[in-house]
There are 2 protein chains.
Amino acid sequence: MTTTAATITPDMITPFINAVRQVFQKMVRVEATIQTPYLKTHAGSTYEVCGIIGLSGQVTGSVVVSFSDAAAEKLVESFAGTTLDKTSPDFADAIGELANMIAGSAKQHLGGRASISTPNVVIGSGYTVASPSGVPCVVIPCNSPFGKFAVEVSIKRNAA
Amino acid sequence: MTTTAATITPDMITPFINAVRQVFQKMVRVEATIQTPYLKTHAGSTYEVCGIIGLSGQVTGSVVVSFSDAAAEKLVESFAGTTLDKTSPDFADAIGELANMIAGSAKQHLGGRASISTPNVVIGSGYTVASPSGVPCVVIPCNSPFGKFAVEVSIKRNAA
C-alpha cells in the first residue's frame, strides 16, 4: 500500500466488479471474469482504448475502462451488432456507452449520492492515463472471451 | 452547425471562457487570450497533454483542457514553481489541478447545479479523444505566452 490522502475500502470496489459482470452478461452477452484487484501506484494505460467517466457528489472520482484494440473491436461488434471501424464515431460511442453502463450500474451501490458525467473515449497507443496521486486508484483486471481488459476506479468519499 | 440531439448555447460556453482567463491570471500569472469558439465535428486531440474533468448534475458533460508538450512544460513550471519531468506524478497532478480549477470556476455560472469529478490526465501523442456524438462539443482555442492550448466543452442540460 502506498500512503495516500484518502482511503479506499472494498465496499467502494465491489459495486464496480458486480457492474462489470452484469453489463457484460446482459449487454454484451458474454461472461466477464474478474481477477484480484490491486492498488495502482503509477500512471499508465494498460490498453489502447479507454472509456473515461467522471463521478461526483458524495463520492468523487473517475472510472477508466480500458481494452486492447483487438478486444475493443470484438466487443463493439458484439455490443453494436455490426463491425465498426475504430475511427468511426459509432465505435467511440459504443465504448463510451459501455463505460457509462458500468459506472451507472455501480454508482447506485456506492453508499452515497453520486452522479456520473458523459464519457470521453481515448484511442491511440503509448499514452498514459493518470488519476490524482492523492486519490487511491484500484485496478480491477478482467477477462472475457474477447480478451483481457481492465477497470480502474479512483474514488474518494467527501465529507457529508 | 451539425445536427445533434442536444443544443449548446453561448451561456453554457461563456463561463468556461471567463474561467480560463481568471485561472491563468490568478494561478499561472499570465494572460490567456481566447479565439473564436467553434463546434467540434470529429474526434481528435489537438495537443499531447490533456486534463479531462467530468461534469454531472443538472448539466452533464466533460471538459478537456489540452496543451502541447512544450506549453504544458512551461505552464507547469510557472504554476508549480519548479521544473517537473513529464513522467512525474506531480506533472500530471499540476495539469489535473489546472483543469480542475477551470471546470470548478465555470460550473458556478452554468445556471444549474453541477458538480465536477476528479481529473484524469492523458499524456502521449497521436491519440484521439472523443466525446459522445449526441452531445455538442465546443472547442475554445486559447493562446498564452507559453503557447497555444484548447478547452473542449461537451455539455447538455438535463430535464429538471
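Here are some friendly notes on how the two chains of this predicted model meet.

1. A word on conventions. Residues are numbered from 1 along each chain as its sequence is written, and chains are lettered from A, with ligands numbered from 1, in the order in which they are written. Because the model is predicted, local features need pLDDT of at least 70 and side-chain atom pairs count only at pLDDT 80 or more, while totals for chains, interfaces and linings use all residues; side-chain values use heavy atoms, leaving out hydrogens and water.

2. The interface. In chain A, 34 residues are in contact with 34 residues of chain B (contact means heavy atoms within 4.5 Å). Together the chains bury about 2,200 Å², with 52% of it on carbon and sulfur atoms; buried area is the accessible area (1.4 Å probe) that two parts lose on being put together, summed over both. Thr118(A), Asn120(A) and Ala130(A) supply 23% of the area that chain A buries against chain B, more than any other three residues.

3. Polar links. Between chain A and chain B the rule finds 13 residue pairs in polar contact, both at pLDDT 80 or more. A polar contact is a pair of N or O atoms within 3.5 Å; within protein, one must be able to donate a hydrogen and the other to accept it, and residues adjacent in sequence count only if both atoms are side-chain atoms. For salt bridges across this interface the count is 0 (a side-chain nitrogen of Lys or Arg within 4 Å of a carboxyl oxygen of Asp or Glu).

4. Strand E7(A) is joined to strand E6 (residues 120-123) of chain B by 3 bridges, and the two run antiparallel. Strands here are DSSP runs of at least two residues, numbered from the N terminus, and two strands pair if DSSP finds at least two bridges between them. Ala130(A) stands opposite Val121(B) in E6(B).

5. Within chain A. Glu152(A) forms a salt bridge with Lys40(A), their closest N and O atoms being 2.6 Å apart.

Notes: Helix = DSSP H or I, 4+ residues; strand = E, 2+ residues; numbered from the N terminus.
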